[in-house]
Amino acid sequence: MEPKIMEINLEQQKLISTPLRVKIIYLLSEETMTAKQVADELGKTPGSIHYHIQQLYKGGILELAETRENKGIVEKYYRSKATHFNLNIKDPARKGIRTKGISLEFTDEELKEFEEEYDNLLEKWLKKTVAHKEGRTSFTVSLELKKDLTGEDVQ
């Protein structure tokens, strides 16, 4: 399955930077669901999940796929716009942010292979951890690939 990729700004990055919201985005990339259905899948309260879905919807990460009337109640089904997000580094809100890393050299082919392996690794672990399980600790995982135009090691 080809990943859906979306360019995002720093505010959107903040919206998706919690494990719960990542799980919501992942579930809604697999199929359209209501907040109640997502809550049931994740073992959370509908009110909590509704709040997070609304934040992701207002932030442009989710879209309203359809509405259905069921016994006089309007059910809203949401869908993720993407499963992979690229932070727009031209975003003025990123000014002054420092990151540490190492300098690696890739051919275009190697870089594509590296990115595919990274995406597959993230998807593998997201699938393994999407269901609620007691005793888990939340971690944020991120990767920033930035072309080194100076040819010097990144400090």
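Predicted model: local features only at pLDDT ≥ 70, side-chain atom pairs only at ≥ 80, totals over all residues.
**Entry 1: Lys-36 and its partner**

I started at Lys-36, which is partly exposed, with a relative accessible area of 45%. I then looked for a partner and found Asp-40, whose side chain meets that of Lys-36 in a salt bridge, 2.9 Å from N to O. Asp-40 comes out as partly exposed too, at 49% relative accessible area. How far apart are Asp-40 and Lys-36 in helix α3? They are 4 residues apart, and since helix α3 covers residues 35-42, that puts about one helical turn between them.

**Entry 2: other salt bridges**

I checked the total next, and the count is 5 salt bridges. I wrote up two more of them.

Glu-123 and Lys-127 join their side chains in a salt bridge, with 3.7 Å from N to O. I traced both to helix α5, residues 108-129, where they sit 4 residues apart, so about one helical turn separates them. Is Glu-123 buried, partly exposed or exposed? I get a relative accessible area of 23% for Glu-123, and the cut-off for buried is under 20%. Glu-123 is therefore partly exposed.

Lys-14 pairs with Glu-11, and I read 3.5 Å between the closest N and O atoms of this salt bridge. Both residues belong to helix α1 (residues 10-15) and are 3 residues apart, about one turn of the helix.

**Entry 3: Gln-12**

While in helix α1 I also looked up Gln-12, which has its place there. Gln-12 is buried, at 13% relative accessible area. Which residues does Gln-12 touch, leaving out those up to four places away in sequence? My list for Gln-12 reads Met-6, Glu-7, Gly-59, Gly-60 and Ile-61.

**Entry 4: a positive phi**

I stopped at Lys-71, where phi is near 55 degrees, a positive value in a residue that is not glycine. Where does Lys-71 lie? I found Lys-71 in the loop between β2 (62-70) and β3 (73-80). Its relative accessibility is 83%, and because exposed means over 50%, Lys-71 counts as exposed.

**Entry 5: aromatic pairs**

I moved on to the rings and got a count of 2 aromatic pairs. One of them is Tyr-57 with Tyr-78, an edge-to-face pair with 5.7 Å from centre to centre and 70 degrees between the planes. Why does this pair tie together parts that are 21 residues apart in sequence? Because Tyr-57 lies in helix α4 (residues 46-58), while Tyr-78 lies in strand β3.

Phe-106 counts as partly exposed at 34% relative accessibility. Phe-114 also counts as partly exposed, at 28%.

**Entry 6: charges over rings**

Last, I looked for charged ends placed over rings. What lies over the ring of Tyr-77? I found the charged end of Arg-68 there, 4.0 Å from the ring centre. I noted a lysine case as well: the charged end of Lys-128 sits over the ring of Trp-125, 4.2 Å from its centre.

Methods
Residues numbered from 1 in each chain as written. Heavy atoms only, no water. Salt bridge = Lys/Arg side-chain N within 4 Å of Asp/Glu carboxyl O. Helix = DSSP H or I, 4+ residues; strand = E, 2+ residues; numbered from the N terminus. Buried < 20%, exposed > 50% of the residue type's maximum accessible area, 1.4 Å probe, protein only. Contact = heavy atoms within 4.5 Å. Phe/Tyr/Trp six-rings, centres within 6.5 Å; stacked < 30°, edge-to-face > 60°. Lys NZ or Arg CZ within 6 Å of the ring centre and 35° of its normal.
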